[in-house]
Amino acid sequence: MAAIGGTRVNPKKFHKNQIPFYLYLIPIAAFMGLPILYIINHAFKPMDELFAFPPKFFVSHPSLINFQNLFQAAGTSSIPLSRYIFNSLLVTVAVVFLSVLISTMAAFALSKMHFKFKNTIFEINNLALMFVATAVTIPRYLTISSVGILDTYWAHILPQIAMPVCLFLIKQFVDGVPNSLIEAAQLEGAGSFKVYRKIILPLIKPAIATGAILVFQNVWNNIETSSLFTSSEGVRTLAFYMNTLSTAGTVQGQGMAAAAALIMFIPNLLLFVVMQSSVMNTMAHSGLK
Amino acid sequence: MITKRRTPYLFLLPYLVLFTVFIIIPTVMAIGLSFTNYNAVQTPQFVGLTNYINLLTQDTIFLQYVLPNTILFSLVVGPVGYMLAFFLAWSLSQLTKLPRTILALILYSPSMTLGVAMTVMWRVVFLGNQSGIANYVLTQLGVITEPIIWMFNTTYIMPIVIIVALWGSMGVGFLAMLAGLLDVNPELYEAAAIDGVRNRFQEVFYITIPSMKPQMLFGAVMSIVNAFQAGNIGVMLTGSNPTPQYAAQLMVNHIEDYGFTRYEMGYAAAVSVGLLALIYAFSHVARMLFAEKD
């Protein structure tokens, strides 16, 4: 195989010429991974190890005390931790489902149908890839307040459903579905909704998984919808509660905050690990022209 | 191909409605409000370009701290973060599948924790007393004798914010570039080797980047957006807006400071428009670099 320096892209086997890459990739990965490893250890440290001087990186006697404190601390305030968890799950599941549903529908139309303004709409969506929600927080607040959904679950759900990146990635993937399949189905009398359900959706599963992950990360970690668009604790999310906790600043608070951070982080990680091959598959189609 | 007249709009409608209400309208409103005086209670008063003129001539905090901070921050986290993402993705593409997947996962994982979890981790690392990890390590190495109160020391706040932002910047764009790199037709490399491409540097510039321009552009746009979205890191780490002596004050924070603390919504909207224009300018440069010419 002709290749420069004995290595090539996506090699099948290990070769000694790959060693230089490992020499810097591993330290960089270690730097990137250390804070996460640290927080995992921190979350399981009992009180005396949290206080210990010199500070220790690894936990020696892991305990669940921080998690217990976390659940109890929440229990003594008016809203139990379970309520925040419930709110977060409800909001996240609703947004992920609705977002994937309407993005795949829109992607199907933009990719496989002919109509006026098709390219204009896609171009506007491409421009909106640059949309930074925090830049227009105030008009967003005004919009949400005039729609009349302030301080309800809808204030979390509705503003987060339309996500330009999600539509963009799915549309690029739908482009790869052969037109001949759709035409064959139409000859057999299938209508647009049937084509969408029976042909498009099954063939773009990787893109659906990717879209779902991106939306999940956005919504699950979001504290702005809670802090800006709601005022009663009862409808606020786990991310928001975790954030108030981490600002407490005591040593006991530190342990609890670490435990909380872990609870926030694990679902992100698990989802990504499970779906990473779908994600990479979708990203190969992510080109922006 | 489906050519019925109403069907496309039926499929598009739900997305378009939400997209318009929560993305287009707020953006248009920001532009409109930026020409007014608005305190969230009374009707907005049209004041022409006053807000923009004040922003560029009167607002000393903006001119002295916010603007230089924003430019420094976005130049480092945007282009440098982007080049780093490409370099790491390219390096990973030279490895076999299993180690590549594991390393990519580790590099990507910080970007999923941006937000709450991130704040917790870095606060503990940069704790302002002896038991903070950063202070402890530096003391052991003999670099410092007294613990540094990181989050109140204006010399360190900005560098820390930049490090944390870079740490979390290997996101969607990084994955897109990695996928793009793996997708380049291997025959191109072979042909290039025959045509006299001698080293990896030439290979990257003459073969790799030109064959994955669309992914490069997508990655660039994602880097830019990420850089501007990361603007909350300073506020989250120091726990206050404005950050101590405006050391890590960025445009995003300035908007919230004026909009939600002082209720000068018209003025805040003018800053928003400035920010959007800045993002657009950065993306335009990226487009000029990577757009497919046809």
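So, Leu245(A): this residue sits in helix H13 of chain A, residues 238-246. Helices here are DSSP runs of H or I with at least four residues, strands are E runs of at least two, and both are numbered from the N terminus. All of this comes from a predicted model, where local features need pLDDT of at least 70 and side-chain atom pairs count only at pLDDT 80 or more, while totals for chains, interfaces and linings use all residues. Residues are numbered from 1 along each chain as its sequence is written, and chains are lettered from A and ligands numbered from 1 in the order in which they are written.

Back to that leucine. Is Leu245(A) buried or exposed? Leu245(A) counts as buried, because it has 20 C-beta neighbours inside 10 Å. The cut-offs are 20 or more other C-beta atoms within 10 Å for buried, 12 or fewer for exposed, and partly exposed in between, with C-beta atoms placed from the backbone. Leaving aside neighbours within four places in sequence, Leu245(A) is in contact with Gly253(A), Met256(A), Ala257(A) and Ala260(A). Contact means C-beta atoms, again placed from the backbone, within 7 Å. As for Val136(A), 109 residues apart from Leu245(A) along the chain, the two C-alpha atoms are separated by 27 Å.

Staying in chain A, look at helix H4, residues 81-112, and helix H11, residues 205-220: they pack at about 140°, axes 9 Å apart. That makes H4(A) oblique to H11(A). For the wording, under 35 degrees is roughly parallel, over 145 roughly antiparallel, 65 to 115 roughly perpendicular, and the rest oblique. The axes are lines fitted to C-alpha atoms, for helices over the stretch in contact, and angles run from 0 to 180 degrees between N-to-C directions. By class, this contact has ten nonpolar, six polar and no charged residues. Nonpolar covers Ala, Val, Leu, Ile, Met, Phe, Trp, Tyr, Cys and Pro; charged is Asp, Glu, Lys and Arg; the others, Gly among them, are polar.

Over to chain B, which has 14 helices and two strands. Its C-alpha trace spans about 70 × 70 × 35 Å along the principal axes, and 51% of its 294 residues count as buried. Of its contacts with a separation of 6 or more, 67% are between residues 24 or more positions apart.

Here, helix H11(B), residues 213-229, and H14(B) cross at roughly 160°, their axes coming within 9 Å. That makes H11(B) roughly antiparallel to H14(B). On the H11(B) side you'll find, among them, Lys213(B), Met216(B) and Phe228(B), meeting residues of H14(B) including Leu275(B), Arg287(B) and Phe290(B). This contact has eleven nonpolar, one polar and two charged residues.

How do the chains meet? The contact takes 95 residues from chain B and 87 from chain A. On chain B's side, helix H1, residues 7-33, gives the most, with 17 residues. That side has 64 nonpolar, 24 polar and seven charged residues.

Last topic, the core. A nonpolar core is a set of buried Ala, Val, Leu, Ile, Met, Phe, Trp, Tyr and Cys residues joined through C-beta atoms within 7 Å. The largest one has 172 residues, and those touching the most other members are Ala106(A), Ala261(A), Leu107(B), Val161(B), Phe174(B) and Leu175(B). Helix H14(B), residues 265-290, brings the largest share, 13 residues. Not counting residues up to four places away in sequence, Leu107(B) touches Ala29(A), Met32(A), Leu88(B), Met170(B) and Phe174(B).

Notes:
Two residues are in contact if their C-beta atoms, placed from the backbone, lie within 7 Å.
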